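Work through these exercises with the model in view. Try each task before reading its solution.

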Amino acid sequence: MSKAKKNPDIFPVNQILAGDCVEIMRGLPEKSVDMIFADPPYNLQLGGELHRPNNSRVDGVEEHWDKFDSLAAYDRFTHNWLAAAHRILKDEGTIWVIGSYHNIFRVGSALQDLGFWVLNDVVWVKTNPMPNFRGTRFTNAHETLIWCSRGKDARYTFNYQAMKALNDDLQMRSDWLIPLCGGPERLRGEDGGKAHPTQKPEALLHRVIMASTQPGAVVLDPFFGTGTTGAVARKLGRNFIGIEREVEYRRIAGKRLAAISDVVDLELVDAPAKRRETRIPFGWVVEHGLLRPGDILFDPGKRWTAKVRADGSIISAQHRGSIHQVGAAVQGAPSCNGWTFWMTDRFGTPAPIDLLRQRLRAELGAGR
């Protein structure tokens, strides 16, 4: 643990920095971090103690760091730390901010005022929320994450394929069903109570970091708490910078991080994107003999067929062109992904021709 100095040559990766997050971020190099995850004070504005029906006291958020004199004071605080965050975020970086109904709308306004561009708001649906014991409101069963790029035209990282794979090969939605942090994952103090009242589940950070970074990226958390962001970043082969004012939280986070081993094989935590894969024209499949001129292609329902030509085009009864053009034409559709539409039984069993592309891509990659 250390304090950041106002020296652009010092970049404290994989450290917990002690002090005020605004001051420390102002001392970091401009455009130096790939992603920011922020779980700022919620300014809960709770009145009085809360008890369960059995009269036991609810362990809520009562710490001094969550108290502000007024909404105007909270707005100034929000503007200051977000402005500092904007300065250190890379042009292609993104920021995630999580909050509850007490603060997230004010945070969203500040994000837009400072030039961030909102990409999504994600609803974290808690599968095991705390009931509303007083019965005066709906059970508060979710929190909101706002995901932003640095500006409107920024080219940001989004690992679409990784999120789809994480969701059983279905497109990931913006409602995430994840339970509250509990069981062995919930860190406890010496008195057996919660070490931190708003400790986030690692599953939530896993999804956030996998969605918007690559291995080796620098993830900064200006409200580090007990180190969930750093712990998940380490497990996924990313670097972290944590900023935390409270001595006890830094102690717990440091102990937690010291128990995590470095990732040995970064390929296992990579998030490959299709646009980073080698482009394989259909003609290359023919050139390399995986398909031959005259081979018959057919759709999954075997309604249409087409013959492969030596130049990499295909021809059906009425159409000639690329695998995409002919696939669209026979269906009367505006477009078609020919790689997944057309199939072949060249190797004994019907299979999408995309398997041939993947095979060739692997062979070409091994030859480099």
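Two strands pair if DSSP finds at least two bridges between them. Strands (E, at least two residues) and helices (H or I, at least four) are DSSP runs, numbered from the N terminus. This is a predicted model, where local features need pLDDT of at least 70, side-chain atom pairs count only at pLDDT 80 or more, and totals for chains, interfaces and linings use all residues. Residues are numbered from 1 along each chain as its sequence is written, and side-chain values use heavy atoms, with hydrogens and water left out.

**Exercise 1. Find the partner of valine 33 and the sense of the pairing.**

Start at valine 33: leucine 89 in β3 stands opposite. Now widen the view. Strand β2 (residues 33-38) pairs with strand β3 (residues 89-99) over five bridges, in the parallel sense.

**Exercise 2. Trace the order of the strands in the open sheet.**

Step across the eight strands: β1-β8-β7-β2-β3-β5-β4-β6, with mixed pairing. The edges are β1 (15-18) and β6 (175-177), and each pairs on one side only. From one strand to the next, the twist averages 20 degrees.

**Exercise 3. Describe how helix α2 is built and what covers its buried residues.**

First, check its length. α2 has 18 residues and spans 26 Å from first C-alpha to last, close to the 26 Å expected at 1.5 Å a residue (1.5 Å times one less than the number of residues).

Next, list the buried residues (under 20% relative accessible area, with a 1.4 Å probe and protein chains only). Among them are Tyr74, Trp81, Leu82 and Ile88.

Then look at the cover. It includes α1 (21-26), β2, β3, α3 (104-113) and β7. Contact means heavy atoms within 4.5 Å.

Axes are lines fitted to C-alpha atoms, for helices over the stretch in contact, and angles run from 0 to 180 degrees between N-to-C directions.

**Exercise 4. At what angle do α2 and α3 pack, and which residues make the contact?**

The angle is about 45 degrees, and the axes are 10 Å apart. Leu71, Tyr74, Asp75, Thr78 and Leu82 of α2 meet Arg106, Val107, Ala110 and Leu111 of α3.

**Exercise 5. Which residues of helix α9 are buried, and what do they pack against?**

In α9 (residues 323-331), the buried residues are Ile323, Val326, Gly327, Ala328 and Val330. They pack against α8 (282-287), β11 (314-315), β12 (320-321) and α10 (338-341). Just after α9, glycine 332 has a positive phi of about 70 degrees.

Notes: Buried means under 20% relative accessible area, exposed over 50%, partly exposed in between (1.4 Å probe, protein chains only).
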